[in-house]
Amino acid sequence: MESGALAAEWLPAYTAVPREKFVPTVFWPGKGGGRQGRAIDRSREPDAWREVVYSDRSLTTQYDDGAHTAPEPGSSPSSSNSQPTLVFSMLAALDVAEGHKVLEIGTGTGWNTALLCERLGSDHVFTVEVDTDTARKARQALSREGYTPTTVVGDGADGYVPAAPYDRVEFTASVRTLPQAVIRQTRPGGMILAPYAPTYGGGAIVRLTVDAEGVASGPFVGSAAFMRLRQQRSERLHTREYLGGKDWPAGGERSVTALSPEDVGDWLPMFAVGMRTSGMFPWAERYGDTGAYTLWLRDEAVSSWATVDYDPGASEFVVYQDGPRKLWDELEAAFRWWAGRGRPGYARFGLTVTPDGRHTPWLDSPHNPVQLTDDE
């Protein structure tokens, strides 16, 4: 690949395992920025189908856990065939070697599974998929292409005990907490590669090495956007549930800020804010094509909220916030912390997970933990 994502050691597997063998007849192509296009049906548009399959685009293969089948995108993507550059970047970061035993969490269409089988041999690959229909189709595709990994239908957070311990574990769904069961199933010195997404957003790939005491620690190696591990999804209530039956601004405290919502809306600053905050998430309420919007912040406890009105060209922005937590103040403090340290990229951040389940992000070194804004 021209991007350089395809390392030389993965070239034979890439050549031997065509992506099209693991793509369903109908999928919704990614259009960038998290947007999806109308479904493409191979039986009706074979040329367009093949062109998209061999582009560097993600392909959503399921919406709403299979309940959605219309040509337009559904409410929530729930399975996909990932963007090739991301697939091979993660495989390179996984750093497998001959004889390694690998646990894959999230079989999906089976393409990544087949690449692992081609590189390591099917008897060294174990894969878990929570969705029964997705697992069945992946198993059929793998068998058709001559691959026979151990395929399991189950909760990926449980790992797969019968074949443990593993030299490598690769998550192909994002997590906000690393399951202790999976860490325990990784041998000392083994590695876990996972898309990690803080509650606030802005996910990235973390590469954790497990030590003899069961502590998993390591750096982030690049940005990524993945569907959430199904068992770690969260239900988020409508904004009206935060207002106590009143009309906005519902008695919220008014202030103004010079920090534009635009400055905190890109993936990297969202990730940095997520490293410094807990239980807070954003949503943008947009107003047609004007470019104006209201950034809502809410907490998972349904106790606090904040809004910031963005108008193009403005130099100050009106803030309302209410509840025991001042969410905009927390966000602004997190952003200023990040900006004051030179706006570090993903590679300067890391994560340590201890056997008691504590997740501690850090900057540059595990000895420099990132504190939550409300801990200061």
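Visitor: Why is Val302 called partly exposed?
Guide: Residues are classed by relative accessible area, with buried meaning under 20%, exposed over 50% and partly exposed in between, computed with a 1.4 Å probe on protein chains only. Val302 has a relative accessible area of 34%, so it counts as partly exposed. This is a predicted model, in which local features need pLDDT of at least 70 and side-chain atom pairs count only at pLDDT 80 or more, whereas totals for chains, interfaces and linings use all residues. Residues are numbered from 1 along each chain as its sequence is written, and side-chain values use heavy atoms, with hydrogens and water left out.

Visitor: What makes the backbone of Val302 worth noting, and where does the residue lie?
Guide: Phi of Val302 is near 55°, a positive value in a residue other than glycine. Val302 belongs to the loop between strand S15 (293-299) and strand S16 (305-310), where strands are DSSP runs of E with at least two residues, helices are runs of H or I with at least four, and both are numbered from the N terminus. Most residues other than glycine have a negative phi, and most peptide bonds are trans.

Visitor: Where else is phi positive in a residue that is not a glycine?
Guide: Ala250 has a positive phi of about 50°, and it is placed in the loop between S12 and S13. Its relative accessibility is 12%, so Ala250 counts as buried.

Visitor: Which peptide bonds are cis?
Guide: One of them joins Trp248 and Pro249, with omega about 10°, and Pro249 lies in the loop between strand S12 (216-223) and strand S13 (253-257). Another runs from Ala164 to Pro165, with omega near 5°, and Pro165 is in the loop between S8 and strand S9 (166-171).

Visitor: How do you know that S7 and S8 pair?
Guide: Two strands pair if DSSP finds at least two bridges between them. Four bridges join strand S7 (residues 125-129) to S8, and these strands run parallel; Thr127 stands opposite Thr151 in S8.

Visitor: What makes S8 an edge strand?
Guide: The open sheet has nine strands in the order S8-S7-S6-S9-S10-S11-S12-S18-S19, with mixed pairing. Strand S8 (150-153) and strand S19 (359-363) each pair on one side only, and they are the edge strands. Neighbouring strands of this sheet are turned by 20° against each other on average, direction ignored.

Visitor: How does helix H5 run relative to S8?
Guide: Helix H5 (residues 132-144) lies across S7 and S8 and runs at about 165° to S8; such angles go from 0 to 180 degrees between the N-to-C directions of axes, which are lines fitted to C-alpha atoms, for helices over the stretch in contact.

Visitor: Why is Ala138 called buried, and what does it touch?
Guide: Ala138, in helix H5, has 1% relative accessibility, which falls under the cut-off, so it counts as buried. Not counting residues up to four places away in sequence, Ala138 touches Thr107, Gly108, Thr109 and Gly110, where contact means heavy atoms within 4.5 Å.

Visitor: Why is H7 described as largely enclosed?
Guide: Eight of the 10 residues of H7 are buried, so the rest of the structure largely encloses it; among the buried ones are Phe271, Val273 and Met275.

Visitor: How do you know that Thr277 makes a polar contact with Val273?
Guide: A polar contact is a pair of N or O atoms within 3.5 Å; within protein, one must be able to donate a hydrogen and the other to accept it, and residues adjacent in sequence count only if both atoms are side-chain atoms. The backbone oxygen of Val273 lies 2.8 Å from a polar atom of the side chain of Thr277, which is within that limit. Thr277 is in the loop between helix H7 (267-276) and strand S14 (280-286), and at 8% relative accessibility it counts as buried.

Visitor: What makes a group of residues a nonpolar core, and how many residues has the largest one?
Guide: A nonpolar core is a set of buried Ala, Val, Leu, Ile, Met, Phe, Trp, Tyr and Cys residues joined through side-chain atoms within 4.5 Å. The largest has 55 residues, and those with the most contacts inside it are Leu178, Phe220 and Phe349. Helix H8 (residues 327-340) gives the most to this core, with seven residues.
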